[in-house]
Amino acid sequence: MLSKYNDKKPKNQVLSKMVDKHVRENTARNIKQCNNSMAFIYDCQCEKGKQVAGNSCNNRFCPICMFRLSMKEALKIYIMTRYLEDEYGVVFIMGTFTAPNVRGEDLKVEISKFGKAFKKMEKRNAILKINKGYIRKLEVTYNKDEIISYDMWHGLNGKRPMGEYFEKKGLSVGDLNPNYDTYHTHYHAIFAVSKSYFDSRSYLRQEKWLELWREAMDDKTITQVDIRRIKKNAAGGDGGINEIAKYAAKDSDYLISQEVFDTFYAALKGRQIITFNKLFAEANKKFKAGELDHYKTPDTTEYVKMLLYSWGGKVYNEYDRRDLTEDEVKEYNGHLINEMEVE
C-alpha cells in the first residue's frame, strides 16, 4: 500500500505547482501538504497495512486523494450491484460510449454535448424498455503519442485497441498518429436490466446501441460502442466496477504539461462526474444512510502496530513505530472493511 503513496505523492507535488494559478492560497497549500504525514496500522508481520490518518486535501485532481476515492467508489458500486441483484433480481450490462477526439479548445463543449446526448438516448423507447437504472461515469483521456505504436494498435498496456481505426485510414504502426494532442471524451455506464433481457425482443445488439448513440450525438462518424454483460456478483472481475470507479482523468495525462492541465481543469471543474439513475439512485441513498452496510466484507486482519510516516521529498520515511494501545486495538480490529483496489 505504501508504494502507491510513494508513486502518487511526487505527482501531487507536480499538481501543486500547476494548480496554483487556479485556486486560492489556502487551497494550494492544502494540496501541496496533502498527506505529508500519515499513520498506518499493520498486522504483527507488518505485511498488511491500512491508512488510518493523514491530512488529505480532497481535491478532484489530487493523485493521492483520487486513488483513495477510487477504492471507496469501487466498494460502493459493488455493494449497490449486490443489493439490486438480491432485491430486484436484475443483471448488469456495461456500456462504453465514445466519439472522435477533439482539440483542447473544444473539450468543454464536447463534454456538455455528451451529457445532452446521453439524456436524449435514455429517453428513446428502446432504452426505456430495458433500463431499470444506471450508473454513468465521465472520463477524459489525452493522446500524447506522436507515433502509432504496437501497443496502441493492439490495445496493450491500458490503451484502447485502435488497429481497425488506423487501418481504415490507411495507417500502420510507426506512422504519425492523427490523434496526437487531442482529447478523448467517453462515458462508462452500468445498466441494470431484467434477467430475461438477453432472450427478449427488447434485447439490443451492438449495432442498435451504435445507431442510438450516433443519433443522440448527431454524429455519423462514431464507429463503435462497446456493450458487454457483467457477470453476476463479480462485476469487478469483468472490469465493469473498476471502469466506473476510475478517475475522471488520469494523472499521467493531465500532469504532462501546464497547457494540458489547464485544459483539463477548465473542462472538468464543477462537472458532475458520476450520475445515478432509477434503481441505482435508490441504492445510492440507501448506501449513504448505512442501510447496505450488511453487504460490506469485514476486514479480519488483526492489527497490532502503528507506523507513522512523513514525506521526505522523494519517498515516505518511517519516523515512529509502536504497538497499538488497548483502546486502539478495540477501535480498529473488527470494525474495518475490505476495500476494492482499482488499478
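**Aromatic contacts**

Me: Is phenylalanine 114 buried or exposed?
Reply: In this predicted model, phenylalanine 114 has a relative accessibility of 0%. Under 20% relative accessible area is buried, over 50% is exposed and anything in between is partly exposed (1.4 Å probe, protein chains only). Phenylalanine 114 therefore counts as buried.

Me: At what pLDDT do side-chain atom pairs count?
Reply: Residues are numbered from 1 along each chain as its sequence is written, and side-chain values use heavy atoms, without hydrogens and water. As the model is predicted, totals for chains, interfaces and linings use all residues, local features need pLDDT of at least 70, and side-chain atom pairs count only at pLDDT 80 or more.

Me: How many aromatic pairs are there?
Reply: Rings of Phe, Tyr and Trp (its six-membered ring) pair if their centres lie within 6.5 Å; planes under 30 degrees apart are stacked, over 60 edge-to-face and the rest tilted. By this rule, the count is 33.

Me: What kind of aromatic pair do phenylalanine 114 and tyrosine 187 form?
Reply: Their ring centres are 5.5 Å apart. The planes make 70 degrees with each other, and the pair is edge-to-face.

Me: How many residues apart in sequence are the parts that this pair ties together?
Reply: Helices (H or I, at least four residues) and strands (E, at least two) are DSSP runs, numbered from the N terminus. Phenylalanine 114 lies in helix α4 and tyrosine 187 in strand β5. The pair therefore ties together parts whose separation in sequence, in residues, is 73.

Me: Which residue lies over the face of tyrosine 187?
Reply: A charge sits over a ring if NZ of Lys or CZ of Arg is within 6 Å of the ring centre and within 35 degrees of the ring normal. The distance from the ring centre of tyrosine 187 is 4.5 Å. Phenylalanine 118 has this residue over its face too, at 5.1 Å from the ring centre. The residue is arginine 136.

**The sheet**

Me: What is the strand order of the open sheet?
Reply: Two strands pair if DSSP finds at least two bridges between them. The open sheet has five strands with antiparallel pairing, in the order β6-β3-β5-β4-β7.

Me: By how many degrees are neighbouring strands turned against each other on average?
Reply: The edge strands β6 (225-230) and β7 (274-278) each pair on one side only. Ignoring direction, neighbouring strands of this sheet are turned against each other on average by 20 degrees.

Me: In β5, which residue is the bridge partner of arginine 136?
Reply: Strand β3 (residues 91-98) pairs with β5 over eight bridges, with threonine 98 opposite histidine 186. Strand β4 (residues 133-143) pairs with β5 over 10 bridges. Lysine 137 stands opposite histidine 188, and the bridge partner of arginine 136 is alanine 189.

Me: Which helix packs on the sheet, touching β3, β4, β5 and β7?
Reply: Contact means heavy atoms within 4.5 Å. Axes are lines fitted to C-alpha atoms, for helices over the stretch in contact, and angles run from 0 to 180 degrees between N-to-C directions. The direction of the helix makes about 20 degrees with that of β5. It spans residues 107-122 and is α4.

Me: How many of the 12 residues of strand β5 are buried?
Reply: On one face, Thr182, His184, His186, His188, Ile190 and Ala192 are buried; on the other, Tyr183, Thr185, Tyr187, Ala189, Phe191 and Val193 are too. Strand β5 (residues 182-193) is largely enclosed by the rest of the structure, because the number of its residues that are buried is 12.

**Asparagines in loops**

Me: Is asparagine 35 buried or exposed?
Reply: Asparagine 35 lies in the loop between α2 and β1 (37-42). Its phi is near 55 degrees, a positive value in a residue other than glycine. With a relative accessible area of 1%, asparagine 35 is buried.

Me: What is the relative accessibility of asparagine 58?
Reply: Asparagine 58 is in the loop between β2 (49-54) and α3. Its phi is positive, near 60 degrees. Asparagine 58 counts as exposed, at a relative accessibility of 62%.
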